[in-house]
Amino acid sequence: MNGTDKTREQLIEENDQLKDRITSLEKAVLDFDHYYSIFKGANDGIICFDKGLRVLDVNPAFVEMTGISKDEIIGKSGFSLAKQFIGIKDLPRILNKLRKMFLDEPIELYELNFEDKVLGISTHKQINGQRVAIIRDITKSKKAERELKKLSTAVEQSANTIVITNIDGDIEYTNPKFTDITGYTAAEALGQNLRILNSGSQPKEYYTEMWKTLSKGKIWKGEFHNKSKEGRFFWENVTITPIKDDKGVITNYLAVKEDITEKKAAEQALKDSEDRFRQLSNVSFEGTLIHRKGIAIDFNLSLARMFGYEREELLGTNLIEKIIPKEYHKTISENINKNYADPYEIIGKRKDGSTFYVEIESRYIHIDSDDSIRATAIRDISERKSAERELLKAKERTEESEKRFRELFEKSGDPILIIENGNFTDCNQATVDLLKYSSKDDILNLHPSILSPDLQPDGRKSTEKANEMMEIALENGTNRFEWDHKKSNGEVFPVEVLLTAISNEHNMVVIHVVWRDITVRKKAESDLVRALKKAEESDQLKSAFLANMSHEIRTPMNGILGFSELLKEPGLSGDEKNNYISVIEQSGERMLNTINDLIEMSKLEAGQMYVSITEVNVKKQLEYIYNFFKPEVDKKGLQFSLSTNTSGSDISIKTDEEKLYGILTNLVKNAIKYTEAGSIEFGYHEKDNYIEFFVEDTGIGIPPDQQQSIFERFFQADMTKSRAYEGAGLGLAITKANVELLGGRIRVESKEGKGSTFYFTIPA
Ligand code: ADP
């Protein structure tokens with residue numbers, strides 16, 4: 001089929017199609033016109049590129065925005081354009097980006113810094129493959145955005161809670177701090193009314209007042225006691241600012257809130273502590289006062305009480321004038337002027353006019369940068385003052401008594417010393433005199449042992465014992481003991497020492513020492529001991545004597561009486577009679593001896609022995625005695641010899657012949673009596689100005705401890721043995737007394753079981 005064969009229907013259809021085309025063309029032209037006017041009038045810069053990305057056209061906004069003229073740009077490739085207008089530094093990155101934008105996926109908005117502007121570029125691919133780039137100058141909005149970002153960061157990160165509400169108080173915005181403090185997340189808070197935080201502890205009027213201020217468009221500042229989501233209470237310092245629109249209509253409220261819970265707690269703590277301090281200050285005994293030039297700003301109750309006022313009577317008044325007598329005002333103001341800060345004493349005046357001592361201590365304090373305020377402490381020191389007066393009196397009394405003590409110390413007849421740290425540091429004159437030194441200086445600073453012999457009577461070292469005695473005194477307070485001291489001439493003498501620990505004026509413990517010279521007492525004591533011993537001995541001797549006497553008298557008496565009776569027997573032979581008679585004679589003789597001894601002894605005791613001196617031929621005397629005793633010695637079977645002067649010449653001495661005879665007879669008689677075997681020898685030796693007689697035997701001997709006692713009356717070496725040897729124990733006592741009457745001495749040398757030698761001297 002060809003065109004001529006077209007049916008009417010076909011033609012109508014074609015015509016309709018053409019009409020449609022014309023209509024669509026018209027529409028296209030209209031569209032183009034429409035879009036072109038948009039293109040021309042748009043605020044955004046528009047660049048149209050062909051498929052090869054060459055610039056087809058730019059609109060006036062582009063020219064205005066970039067300052068690039070149409071001629072400069074049309075026909076150029078997008079990339080060369082970029083090269084031309086974009087700084088070399090960013091070029092590769094940007095080119096890459098642009099290439100991607102144009103060739104691949106178009107990107108919504110690409111920001112590009114161009115000169116001092118920020119341009120937002122978006123690209124669009126058209127159906128025919130051409131591209132359009134729309135460029136918007138977003139410099140301003142970018143800046144605003146940055147500013148906003150800064151602000152919102154500030155708001156978001158603020159340490160304060162920031163809340164924005166609408167005019168009804170419904171929350172529109174909260175920052176993270178809000179969540180921290182209240183526990184509500186931003187989402188939870190949104191749309192809620194701010195009163196969800198109300199703790200209910202503040203009166204309704206408080207909020208009414210707030211709304212009144214805010215609704216007038218004024219800023220309101222205050223504090224909220226709020227409650228968190230978890231029920232925790234907290235304090236906030238709040239500033240609420242109404243936000244108004246251009247017309248001045250309030251659209252929102254901005255609340256900036258600071259959590260002051262801790263600050264509040266600290267303030268409360270401070271207040272509590274101030275309260276406590278005030279109460280403390282009121283109960284203290286010290287008056288405290290804060291004043292400016294004497295005018296009381298504050299003071300405690302103790303101060304009012306101290307001066308007899310009510311608090312109200314003093315507040316705001318010039319305190320100095322009230323509580324200090326006029327005559328001291330000058331001192332006070334001087335002290336204030338020179339900022340005198342040490343305590344000083346002054347007189348205070350009570351309301352009733354009475355005065356008393358006070359101590360004032362005062363200094364400037366700085367309160368609210370005011371430098372004229374002084375803090376003053378006032379103490380009632382009347383008691384201290386009177387105590388001081390008492391102390392002074394006591395001190396005077398002490399000094400007086402010290403003086404008296406010193407006098408006593410110096411004048412005491414007994415030596416008194418003071419020991420400090422083990423040495424004598426003081427002593428009186430009596431000490432110096434007793435020790436026979438010339439001055440105190442010879443004694444002071446010496447240890448007690450230096451004024452003592454090395455050893456004490458108990459054998460202990462003086463140094464050690466002295467230290468021990470001092471220690472005991474310090475421990476027990478006192479110590480009394482006997483001590484040997486030594487005088488300057490070396491003479492040792494006993495003292496009784498009394499040590500007393502006392503504290504001296506420096507409160508140091510020292511030892512007060514008193515000595516009492518007990519030489520006389522000691523001697524008396526030892527005399528007494530000796531006397532006592534002697535008395536005891538005498539007592540024993542007396543008993544022994546009585547026993548002896550009874551024996552010595554009874555024995556011969558019995559002999560006499562017994563044998564006299566026997567003589568009466570008829571028919572006795574002559575021998576028998578002679579025997580009896582000789583026993584009677586011997587017994588009589590023995591009794592006579594005893595009686596003679598007794599008489600002689602009592603004469604000696606009574607001091608009635610007299611000496612009659614004659615020229616005595618010694619040899620003759622001795623020979624007489626020898627001959628007299630020879631038969632008796634022979635009878636006992638002993639050797640008997642007389643040893644006389646070797647020269648053989650007779651010597652004569654002036655003495656009592658009868659007594660010398662008695663002495664010798666007695667000694668020889670004893671020798672015979674106490675010797676059973678061996679020999680007896682007696683004689684004399686001539687010495688310078690005396691003659692020494694001796695009687696030596698080989699008898700029983702005398703134990704060493706009795707060689708002295710045998711010369712005492714009634715003494716027998718062994719009281720039990722005495723029964724074996726007759727005798728009254730008087731012989732040697734009489735002998736000794738007689739030797740001494742003649743001006744001589746008697747002694748014995750003896751060994752038990754070996755024999756004894758008695759020596760006695762007679763002056764020539
Ligand atoms: P008495 O009458 O007991 O002999 P004396 O006074 O003559 O008294 O002697 C005192 C004591 O001395 C004697 O009892 C005896 O113990 C002792 N005595 C004296 N002479 C001797 C001596 N030659 N040998 C041993 N003992 C003696």
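Author: **The aromatic cluster**

Tyr-206, Tyr-207, Trp-220 and Phe-224 are linked into a cluster by ring pairs. The model is a predicted one, and the structure holds 20 aromatic pairs. A pair of aromatic rings is described by the distance of the centres and the angle of the planes.

Take Tyr-206 and Tyr-207 to begin with. Their ring centres are 6.0 Å apart and their planes stand at 90°; planes over 60 degrees apart count as edge-to-face, so this pair is edge-to-face. Tyr-206 also pairs with Trp-220: here the centres are 5.6 Å apart and the planes are at 80°, so this pair is edge-to-face as well. The pair of Tyr-206 and Trp-220 links distant parts of the chain, 14 residues apart. Tyr-206 sits in helix α9 (residues 204–215), and Trp-220 in strand β8 (residues 220–227).

Tyr-207, with a relative accessible area of 16%, is buried. Trp-220 is buried too, with a relative accessible area of 7%.

Now the helix packing. Helix α20 (residues 618–636) packs with helix α21 (residues 657–673) at an angle of about 20°, and their axes are 11 Å apart. Angles under 35 degrees count as roughly parallel, so α20 and α21 are roughly parallel to each other. Their crossing is right-handed. On the α20 side, the contact is made by Gln-621, Leu-622, Tyr-624, Ile-625, Phe-629, Glu-632, Val-633 and Lys-636. On the α21 side, the residues are Glu-657, Tyr-661, Leu-664, Thr-665, Val-668, Lys-669, Ile-672 and Lys-673. Sorted by class, this contact has nine nonpolar, two polar and five charged residues.

From α19, the contact uses Asp-597, Glu-600, Met-601 and Leu-604. From α22, it uses Gly-731, Ala-733, Ile-734, Ala-737, Asn-738 and Leu-741. The classes in the contact of α19 with α22 are six nonpolar, two polar and two charged residues.

Definitions and conventions
Residues are numbered from 1 along each chain as its sequence is written. This is a predicted model: local features need pLDDT of at least 70, side-chain atom pairs count only at pLDDT 80 or more; totals for chains, interfaces and linings use all residues. Side-chain values use heavy atoms; hydrogens and water are left out. Axes are lines fitted to C-alpha atoms, for helices over the stretch in contact, and angles run from 0 to 180 degrees between N-to-C directions. Helices (H or I, at least four residues) and strands (E, at least two) are DSSP runs, numbered from the N terminus. Angles under 35 degrees count as roughly parallel, over 145 as roughly antiparallel, 65 to 115 as roughly perpendicular and the rest as oblique. A crossing is left-handed if the near helix is turned anticlockwise from the far one by less than a right angle, and right-handed if clockwise. Contact means heavy atoms within 4.5 Å. Ala, Val, Leu, Ile, Met, Phe, Trp, Tyr, Cys and Pro count as nonpolar, Asp, Glu, Lys and Arg as charged, and the others, Gly among them, as polar. Rings of Phe, Tyr and Trp (its six-membered ring) pair if their centres lie within 6.5 Å; planes under 30 degrees apart count as stacked, over 60 as edge-to-face and the rest as tilted. Buried means under 20% relative accessible area, exposed over 50%, partly exposed in between (1.4 Å probe, protein chains only).
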